[in-house]
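Colleague: I would like a close look at one end of this chain and how it sits in the rest of the model. Please go through it in one piece.

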Amino acid sequence: MPIILFLLLAILIAQVGFWDALGAMLGAAVMLTLFILVLIAALGIAGLLIFRRTQRRP
């Protein structure tokens, strides 16, 4: 009986570890995606500002 309890406890710990690892990987992927979106937005705003600045000097 104690062996079954030990195995159940090991399975429970493994499941928690798996979900933590999966959550960490998904969080990292989302963080990289948001970083790329912010970088694209910043480059777009910089391009717009440069375009407007060059259009004012005919």
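Modeller: Met 1 counts as exposed because its relative accessibility is 72%, over the 50% cut-off for that class. This is a predicted model, so the description applies to the prediction. Met 1 lies in the segment before α1. The helix itself covers residues 2-55.

Met 1 also belongs to a nonpolar patch on the surface, together with Ile 4, Leu 5, Leu 8 and Ile 11. The accessible area of these residues together is about 570 Å². For the chain, the accessible surface comes to about 5600 Å², and 82% of that belongs to carbon and sulfur atoms.

Leu 9 is placed in helix α1. With a relative accessibility of 47%, Leu 9 counts as partly exposed, because that class runs between the 20% and 50% cut-offs.

A search of the whole structure finds 1 aromatic pair. It is made by Phe 18 and Trp 19, whose ring centres are 5.1 Å apart and whose planes stand at 70°, so the pair is edge-to-face; the cut-off for that label is over 60 degrees. The partners fall on either side of the 50% cut-off for exposure. Phe 18 has 44% relative accessibility and therefore counts as partly exposed, whereas Trp 19, at 52%, counts as exposed.

Now the distances from the end you asked about. Met 1 and Leu 37 are 36 residues apart along the chain, and their C-alpha atoms are separated by 54 Å. For Leu 9 and Ala 28, a sequence separation of 19 residues goes with 29 Å in space, C-alpha to C-alpha.

The overall form of the chain can be set beside these distances. The chain has 1 helix and 0 strands. Its radius of gyration is 25 Å, well over the 10 Å that the globule rule gives for 58 residues, so the chain is more spread out than a compact globule. Along the principal axes, the C-alpha trace spans about 85 × 5 × 5 Å. Buried residues make up 0% of the 58 residues, where buried means under 20% relative accessible area.

Note on methods
Residues numbered from 1 in each chain as written. Predicted model: local features only at pLDDT ≥ 70, side-chain atom pairs only at ≥ 80, totals over all residues. Heavy atoms only, no water. Helix = DSSP H or I, 4+ residues; strand = E, 2+ residues; numbered from the N terminus. Buried < 20%, exposed > 50% of the residue type's maximum accessible area, 1.4 Å probe, protein only. Patch = residues over 30% accessible without salt bridge, like charges linked within 9 Å, V, L, I, M, F, W, Y side chains within 5 Å. Areas by Shrake-Rupley, 256 points an atom, 1.4 Å probe, with all protein chains shown as cover. Salt bridge = Lys/Arg side-chain N within 4 Å of Asp/Glu carboxyl O. Rg over C-alpha atoms; globule rule 2.2 N^0.38 Å. Phe/Tyr/Trp six-rings, centres within 6.5 Å; stacked < 30°, edge-to-face > 60°.
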